[in-house]
Amino acid sequence: MSTIQNLTSFDPFADTGDSEAQPTNYIHIRIQQRNGRKTLTTVQGVPNEYDLKKILKVLKKDFACNGNIVKDDELGEVIQLQGDQRVKVSEFLTTQLQLPKKNIKIHGF
């Protein structure tokens, strides 16, 4: 009689040591509802080697909107822009800053 090898061969929940478990630094682009039809676009998780003030200045000029940088205790520095600028910000980050598109998450309705 042969023993069944399948029961002892593989543990699906064992730690394999793959690099998937390590967190990648995603850039989150979110939209927040203000009052009425007004919205805010927030950009969180931009890498530290980039100067947020210069990025904000270019974004404000290109998109013709106002914005500022908010310091959050948990999230670090977050860029806020007036209006729904999610797609434009995503395109800017991929084309101008050469950030990979897979690291950018767009949230919202």
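A pocket, on a 1 Å grid over the protein atoms alone, is an open set of points where a 1.4 Å probe fits, with protein on both sides within 12 Å along at least five of seven lines; its lining residues have an atom within 4 Å of a point. The structure shown is a predicted model, in which local features need pLDDT of at least 70, side-chain atom pairs count only at pLDDT 80 or more, and totals for chains, interfaces and linings use all residues. Residues are numbered from 1 along each chain as its sequence is written, and side-chain values use heavy atoms, with hydrogens and water left out.

**View 1. The largest pocket and its lining.**
The largest pocket has a volume of about 170 Å³. That volume is the space filled by probe spheres set on the grid points, which are joined across faces, edges and corners. Gly45, Val46, Pro47, Asn48, Tyr50 and Leu52 are among the lining residues. Leu75, Gly76 and Glu77 also line the pocket. By class, the lining holds five nonpolar, three polar and one charged residues. Here Ala, Val, Leu, Ile, Met, Phe, Trp, Tyr, Cys and Pro count as nonpolar, Asp, Glu, Lys and Arg as charged, and the others, Gly among them, as polar.

**View 2. The whole chain.**
Three helices and five strands make up the chain's elements. Helices (H or I, at least four residues) and strands (E, at least two) are DSSP runs, numbered from the N terminus. Along the sequence the pattern reads α-β-β-α-β-β-α-β. Of the 109 residues, 28% are buried. Buried means under 20% relative accessible area, exposed over 50%, and partly exposed in between (1.4 Å probe, protein chains only). Among contacts between residues at least 6 apart in sequence, 49% join residues at least 24 apart. A contact means heavy atoms within 4.5 Å.

**View 3. The largest nonpolar core.**
A nonpolar core is a set of buried Ala, Val, Leu, Ile, Met, Phe, Trp, Tyr and Cys residues joined through side-chain atoms within 4.5 Å. The largest one has 18 residues, and Ile55, Leu81 and Leu93 touch the most other members. Two or more residues come from each of E1, helix H2 (52–63), strand E4 (76–82) and helix H3 (86–95). H2 gives the largest share, five residues. In soluble globular proteins, nonpolar side chains tend to be buried together. Leaving aside neighbours within four places in sequence, Leu93 is in contact with Ile27, Ile29, Gln98, Leu99 and Ile104.

**View 4. Valine 89 and arginine 86 in H3.**
Valine 89 is found in helix H3. Its relative accessible area is 1%, so it is buried. Beyond its neighbours within four places in sequence, valine 89 is in contact with Ile29, Val43, Phe63 and Leu81. Valine 89 and isoleucine 29 are 60 residues apart in sequence, yet 7.9 Å apart in space, C-alpha to C-alpha. Arginine 86 is also found in H3. Arginine 86 counts as buried because its relative accessibility is 11%. Outside four places in sequence, its contacts include Ile29, Arg30, Ile31 and Thr41. Ile106, His107, Gly108 and Phe109 are also in contact with arginine 86.

**View 5. Histidine 28 in strand E1.**
Histidine 28 is found in strand E1 (residues 27–33). Histidine 28 is buried, with a relative accessible area of 17%. Its side chain makes a polar contact with the side chain of histidine 107 (2.8 Å). A polar contact is a pair of N or O atoms within 3.5 Å; within protein, one must be able to donate a hydrogen and the other to accept it, and residues adjacent in sequence count only if both atoms are side-chain atoms. Leaving aside neighbours within four places in sequence, histidine 28 is in contact with Thr42, Val43, Gln44, Lys105 and His107.

**View 6. Glycine 67 in strand E3.**
Strand E3 (residues 67–72) holds glycine 67. At 16% relative accessibility, glycine 67 is buried. Its C-alpha atom is separated by 6.0 Å from that of glutamine 82, 15 residues apart along the chain. Leaving aside neighbours within four places in sequence, glycine 67 is in contact with Leu56, Lys60, Gln80 and Leu81.

**View 7. Two loop residues with positive phi.**
Most residues other than glycine have a negative phi. Alanine 64 has a positive phi, near 55 degrees. Alanine 64 lies in the loop between H2 and E3, and is exposed at 71% relative accessible area. Glutamine 98 has a positive phi of about 55 degrees. Glutamine 98 sits in the loop between H3 and strand E5 (104–106), and counts as exposed at 60% relative accessibility.
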